[in-house]
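Work through the exercises below with the sequence and the model in view. Each task is followed by a solution in steps.

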Amino acid sequence: MASKNYNVVAFKVVIHCIFFVVANSSDLSYPAVFNFGDSNSDTGDLAAGLGFQLIQPYGQSYFNASSTGRFCNGRLIVDFLMDAMHMPFLNAYMDSIGLPNFQKGCNFAAAGSTILAATAASLCPFSFGIQVSQFIRFKARVLELLAAGQKYKKYVPAEDYFNKGMYMFDIGQNDLAGAFYSKTLDQVLASIPNILLEFETGIKKLYDQGARNFWIHNTGPLGCLAQNIAKFGADSSKLDEQGCVSSHNQAAKTFNLQLQALCTKLHGQYPDANVTYVDIFTIKSNLISNYSNYGFQQPIMVCCGYGGPPLNYDERVTCGSTKNLNGTIVTAKSCNDSSVYVSWDGTHYTEAANQYVASQILTGKYSYPSFSGKMLIPSLAQVTTTESQSM
């Protein structure tokens, strides 16, 4: 219990340091943030757009409500990044309830979204191209309101925010993971150039709209998600030494290499733009490999699920749901302590894991070009050691 308490303190110290450093760093000083992505950064868009409500235990740890529309027990990585910049959480573009304020930006991310255009079989209709189109409409409408008078200024971004703001991206996971249900690894790898061509097209449209600051997350280790292990990892020969599906992680690595090459290309193509590539894969892989160093006890097993060890995941009984399985009523409930789990529901991370990932992003060590020279934040392990010695 003592080591767990040290880690809790360590997280608080890290986030405090993040707040201090980011507030004094030009690298993350933006008047507004416009976010595009999938469920990793959806703050309620899909729930509002399709008209449903996530039930608890979603949202229970921080918001004490499931109506946030976040596919997590609490805050997402994007929430911690907004906190670090002393900015409010981003309101979802399609959520009209609760007097949403968009002065500091807007979130277009929607759970289940892909970079490639959605089809009739897609889980989410709001693909990346649609999100970009929504942004273009959003900007046009904002400029209309600003031209109409002063009374709207406190609700929408100032005109120059569209040029000075940060454009954040975390998308592509669903293009890869979803493809494995109908394609071989070679076919998935062959599809990556087309996926990134669609992404590049969206970036160009945003650039033409005045965007100049691009913050692009790569995709995480998809093979370490319990959902993919349960579906594709029954044969142990298909798993790596961590128990993750090798093919999915290989696809993620290939995607990330090509995404980084695209970011380098964008640097040259748009010399007046800032393009930052963020290596989420390495951060998350390190967390899963060395989980006990950061206060976690379960790197892969699901907190909110059904079925028990080793995965506690059953696709028939998703987090929070109750189903009749062979005449028995079962419910996928939350674990007692989500802070020691990396995986929340088999597809998404817990709030505690998201907090760790955000703390690592903000060191700058995993960004290209790096800003670690200015982001002098101690590593979590260093802080833990210091706290342990002082206590």
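A residue is buried when its relative accessible area is under 20%, exposed when over 50%, and partly exposed in between, using a 1.4 Å probe and protein chains only. Helices (H or I, at least four residues) and strands (E, at least two) are DSSP runs numbered from the N terminus. This is a predicted model, in which local features need pLDDT of at least 70 and side-chain atom pairs count only at pLDDT 80 or more, while totals for chains, interfaces and linings use all residues. Residues are numbered from 1 along each chain as its sequence is written, and side-chain values use heavy atoms, with hydrogens and water left out.

**Exercise 1. Describe the chain as a whole.**

Step 1: the secondary structure consists of 12 helices and 10 strands.
Step 2: the chain has 391 residues, and 55% of them count as buried.
Step 3: take contact to mean heavy atoms within 4.5 Å. Among contacts between residues at least 6 apart in sequence, 71% join residues at least 24 apart.

**Exercise 2. Determine how many residues of helix α10 are buried, and which ones.**

Step 1: the buried residues in α10 are Ile280, Phe281, Ile283, Lys284, Ser285, Leu287 and Ile288.

**Exercise 3. Describe how α7 packs with α9 and with α4.**

Step 1: two packed helices are described by the angle between their axes and the distance between the axes. Axes are lines fitted to C-alpha atoms, for helices over the stretch in contact, and angles run from 0 to 180 degrees between N-to-C directions. Angles under 35 degrees count as roughly parallel, over 145 as roughly antiparallel, 65 to 115 as roughly perpendicular and the rest as oblique.
Step 2: the axes of α7 (residues 185-208) and α9 (residues 246-269) come within 10 Å and cross at roughly 30°. The two helices are therefore roughly parallel to each other.
Step 3: α4 (residues 128-148) packs with α7 at an angle of about 5°, with the axes 10 Å apart. This pair is therefore also roughly parallel.
Step 4: Phe128, Val132 and Phe135 in α4 meet Glu198, Phe199, Gly202, Ile203, Lys205 and Leu206 in α7.

**Exercise 4. Classify the angle between α3 and α11, and list the residues that meet.**

Step 1: the axes of α3 (residues 77-84) and α11 (residues 351-361) come within 8 Å and cross at roughly 50°. That makes α3 oblique to α11.
Step 2: Ile77, Phe80 and Leu81 in α3 meet Glu351, Asn354, Gln355, Val357, Ala358 and Ile361 in α11.
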